[in-house]
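Here is a set of questions about how some labels were reached for one model. Each answer sets a value against the definition behind the label.

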There are 2 protein chains.
Amino acid sequence: MRKITERQHAIYSYIKDFILLRKCSPTIREIGDKFGIKSTNGVRDALRVLESKGYIKKLSNQARGIALPQNVFPASAEAVSLPLIGSIAAGTPILAAENVEQTLTVDKSMLPRSSEIFALRVQGDSMVGDGILSGDIAIIRMQKNAERGQIIAALIDGDATLKHYYPAENRIELRASNPKYMPITVCEGEDFSIAGILAGVIRKC
Amino acid sequence: MRKITERQHAIYSYIKDFILLRKCSPTIREIGDKFGIKSTNGVRDALRVLESKGYIKKLSNQARGIALPQNVFPASAEAVSLPLIGSIAAGTPILAAENVEQTLTVDKSMLPRSSEIFALRVQGDSMVGDGILSGDIAIIRMQKNAERGQIIAALIDGDATLKHYYPAENRIELRASNPKYMPITVCEGEDFSIAGILAGVIRKC
DNA sequence: AAAACACCTGCACCTTTGTTCAGTATTTTT
DNA sequence: AAAAATACTGAACAAAGGTGCAGGTGTTTT
């Protein structure tokens with residue numbers, strides 16, 4: 001993008017936000033009012049520059065006719081839908097169709113790039129210390145390893161639970177963040193695996 | 001939705017598609033051209049009916065001023081995008097364009113039907129007792145009244161904060177859920193209003 | 001048969017909004 | 001120092017677009 005002044009950028013931002021919110025561009029006079037520009041031509045000067053530098057496009061003789069170049073709002077790229085896992089049926093992979101309760105659409109900004117993601121309904125209050133309540137939906141990024149202290153979705157005996165991950169020499173400690181729960185210790189050979197690490201939380205009140 | 005005729009539905013669909021595609025409503029004359037209605041008033045009849053039945057909203061004396069009720073705008077069938085409010089500039093309405101930090105896409109199931117919704121970035125740890133951490137995004141359903149004990153987004157001196165709502169005879173007590181914060185008492189005449197009530201929480205980890 | 005509604009024409013009017021011209025002061029670039 | 005760009009004022013105009021009134025013709029409901 002070619003360089004623009006602070007003033008021009010402020011006007012551009014206003015137009016962009018206005019369109020995002022109102023789905024329709026402001027009028028020249030609305031922009032003028034906003035920035036204390038008394039003459040419509042003052043605004044048009046700014047628009048002329050913004051257009052010549054490719055920030056906006058003007059549809060001539062059209063009310064509310066300031067448009068943005070296509071790529072400002074990646075249309076469908078804002079949302080991603082992912083499977084919500086209720087409970088995990090014994091012996092099935094997590095993402096097996098029978099475990100998928102529904103699909104959920106979340107904003108792309110919630111997700112790390114290029115990873116497999118799923119959502120898990122949280123049962124129990126073992127993670128209240130981290131602001132995760134029973135009934136919340138946890139967004140999990142699928143991966144097999146984790147760093148010490150991270151919150152992971154752990155698969156123990158075919159059940160998925162959220163816990164803090166504390167590995168030791170020959171065992172793994174899984175700690176709740178609610179002090180009323182004792183840490184769980186998993187030794188080698190037991191049925192345990194990491195389903196993924198916590199990437200987000202969604203709650204419906 | 002109240003019943004409408006095939007003709008009215010065709011016009012409604014055209015408007016909806018137009019807005020989805022162009023981000024901005026068609027003009028009365030554009031609708032007329034499309035359907036071969038030669039008089040602007042023929043179109044206005046149809047719009048009058050659509051508005052009285054709640055399919056559209058008209059902003060009077062505004063170019064391209066046909067609006068759709070809030071949640072007709074799904075980015076996909078299951079998603080709705082809503083404005084994320086960062087901080088609120090003094091003296092501006094909450095949804096003023098300058099307060100909108102970005103837009104956020106959330107699943108339709110997060111939202112109550114037929115209400116105006118916005119998202120608010122949470123600052124501070126005053127609500128940790130309810131699992132709401134600093135940096136979380138609160139989904140707020142706009143409404144002016146609340147029930148005792150509900151979590152509201154309160155506007156005090158132009159700043160929005162989440163608090164539990166406890167009204168009394170001549171004052172209102174706003175309680176945090178973190179015991180280290182004292183309740184705030186607002187008396188009549190002070191600059192206070194309810195922006196809405198908490199409908200959900202989203203956290204990016 | 002009367003009333004209500006859907007669906008339209010035609011026209012005038014007026015507000016909103018975009019366009020253009022002429023000019024000024026200040027800052028930045030060459 | 002000159003040229004160019006920025007950032008406006010002010011006024012007038014024109015096109016776009018919303019509003020309102022006075023009808024008209026069918027179809028459906030009462």
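A residue is near a molecule or strand if its C-beta atom, placed from the backbone, lies within 6 Å of it. The model discussed here is predicted.

Q: What is the make-up by class of the surface near DNA strand C?
A: There are 15 polar, 7 charged and 5 nonpolar residues. Gly is counted among the polar residues.

Q: Which residues come nearest to DNA strand D?
A: Of the 28 residues around DNA strand D, those are A:K38, A:S39, A:N41, A:G42 and B:S60. Two or more residues each come from α1 and α3 of chain A and from α2 (28-35) and α3 of chain B. The most comes from α3(A), with 6 residues. By class, the surface near DNA strand D holds 6 nonpolar, 15 polar and 7 charged residues.

Q: Why are α2(A) and α3(A) called roughly perpendicular?
A: The two helices pack at an angle of about 100 degrees, with their axes 9 Å apart. Angles of 65 to 115 degrees count as roughly perpendicular, and α2(A) and α3(A) are therefore given that label.

Q: Which residues of α2(A) and α3(A) meet?
A: From α2(A) they are A:I28, A:R29, A:I31 and A:G32, and from α3(A) they are A:T40, A:G42, A:V43 and A:R44. This contact of α2(A) with α3(A) has 3 nonpolar, 3 polar and 2 charged residues.

Q: How many residues does each chain give to the contact between chain A and chain B?
A: Chain A gives 31 residues and chain B gives 33 residues. On the side of chain A that touches chain B, β11(A) gives the most, with 7 residues. That side of chain A divides into 19 nonpolar, 5 polar and 7 charged residues.

Q: What makes β11(A) and β11(B) a pair of strands?
A: Pairing needs at least two bridges. β11(A) and β11(B) have 5 bridges, in the antiparallel sense, and therefore count as paired. The bridge partner of A:K204 in β11(B) is B:G200.

How values were computed:
Residues are numbered from 1 along each chain as its sequence is written. Chains are lettered from A and ligands numbered from 1 in the order in which they are written. This is a predicted model: local features need pLDDT of at least 70, side-chain atom pairs count only at pLDDT 80 or more; totals for chains, interfaces and linings use all residues. Two residues are in contact if their C-beta atoms, placed from the backbone, lie within 7 Å. Helices (H or I, at least four residues) and strands (E, at least two) are DSSP runs, numbered from the N terminus. Axes are lines fitted to C-alpha atoms, for helices over the stretch in contact, and angles run from 0 to 180 degrees between N-to-C directions. Angles under 35 degrees count as roughly parallel, over 145 as roughly antiparallel, 65 to 115 as roughly perpendicular and the rest as oblique.
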